[in-house]
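Dear colleague,

Please find the structure below, handed over for your records.

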Amino acid sequence: MRRLMSSSKWPQTKTGTGILSPLPEENPHWWNANMVFIPYCSSDVWSGATAKTDQSGYAFMGSLIIQEVVKDLLNKGLDNAKVLLLAGSSAGGTGVLLNVDRVAELLEGLGYTGIQVRGLSDSGWFLDNKQYHCTDCVDTVGCAPTETIKRGIKYWGGVVPERCKQTHAAEEWNCFFGYRVFPSIKSPVFVVQWLFDEAQLTVDNIQLTGQPVQEGQWRYIQNLGIELRNTLKDVPAMFAPACLSHEVITRNYWIDVQVKGTSLPRALHCWDRSLHDNRNNKAPPKGCPVHLIDSCPWPHCNPTCPTIRDQFTGQEMNVIQFLMHMGFDVQKMAQQQGMDPSKLLGMLSSGS
């Protein structure tokens, strides 16, 4: 995509929203932090380390861009920092998983051992699952997740974490999938992931285009939530609401979504405190959870999910309208759950 191949047309100034906001009411924990925004222009999931050659005519240098920006920032105050949080959404979220240890090693190698490097990965925890219906890889949208990465990595000269590379010798594409790369990451990483990620459903060939979803698709979507939940269970710090959406940390509503009564900024604050206490050998704070995952089984069963709009009319929908629109059969679902249909509707509207 043209807009992801150069940052030259990007606006010079950017007013931050969500985690980049300078307003305490929108960003209660980090409004006062030093923030640097790096535009995504390398089209390589931030993994590339390949200069342009006469043969290919393309440069993929995402990983090198991060390294150079970090080096640059050392003269601008980063040298005095206690914590560097590398955060990203979507391809940037995957980029965090691929680069967080490299940044830590870079700073350590330059003698800056006092800076703790941490990662915040939003909407970048993809699954290499089986598509709802398989299609040939003729364009990026219809191409299966694994095939996209396998083809791309050859062009990008993608750099993946060393320990993951050793585990998956000659099949480095594995390291682009969160649940496979995560065990090899040494730096603390907080994972934010919608259980029903729109980008994941797109690459899995589930089209949510206003037609009621068929039963097979509905089962597939529910199953995706189960699979994703399974891959996240051993991640110590994470926030995974049962919503159909994509990206959250730079949205101004990031403060409104809750899992089990805790908002994302609160969970990140708890994570920050627990890492700080851990270093000082103190017990983690009570009543400050960092491992938050919804247990309800379908998209938008959490009442704090972002508003859904009908793709054609732009009308806002409530949870019940959305589920009906998706072809959700209340009678059948109530039967499956062994309950009365009216009780199920009541539970859906209250979000319990």
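Helices (H or I, at least four residues) and strands (E, at least two) are taken as DSSP runs and numbered from the N terminus. This is a predicted model, in which local features need pLDDT of at least 70 and side-chain atom pairs count only at pLDDT 80 or more, while totals for chains, interfaces and linings use all residues. Residues are numbered from 1 along each chain as its sequence is written, and side-chain values use heavy atoms, with hydrogens and water left out.

The chain contains 11 helices and 11 strands. Its C-alpha trace spans about 65 × 55 × 40 Å along the principal axes. Of the 352 residues, 48% are buried, where buried means under 20% relative accessible area, exposed over 50% and partly exposed in between (1.4 Å probe, protein chains only).

Strand 1 (residues 83–89) pairs with strand 2 (residues 116–122) in the parallel sense over seven bridges; two strands count as paired if DSSP finds at least two bridges between them. Ala-87 has Leu-120 in strand 2 as its bridge partner.

Gln-116 also lies in strand 2 and is buried, with a relative accessible area of 19%. Its side chain makes a polar contact with the side chain of Arg-118 (2.6 Å). A polar contact is a pair of N or O atoms within 3.5 Å; within protein, one must be able to donate a hydrogen and the other to accept it, and residues adjacent in sequence count only if both atoms are side-chain atoms.

Gln-200, in helix 6 (residues 198–203), is buried with a relative accessible area of 3%. The side chains of Gln-200 and Asn-129 make a polar contact (3.1 Å).

The largest nonpolar core has 70 residues, of which Phe-176 and Leu-232 touch the most other members. Such a core is a set of buried Ala, Val, Leu, Ile, Met, Phe, Trp, Tyr and Cys residues joined through side-chain atoms within 4.5 Å. Helix 2 gives the most to this core, with nine residues. Apart from it lies another core of 24 residues, including Trp-194 and Cys-288.

Yours sincerely
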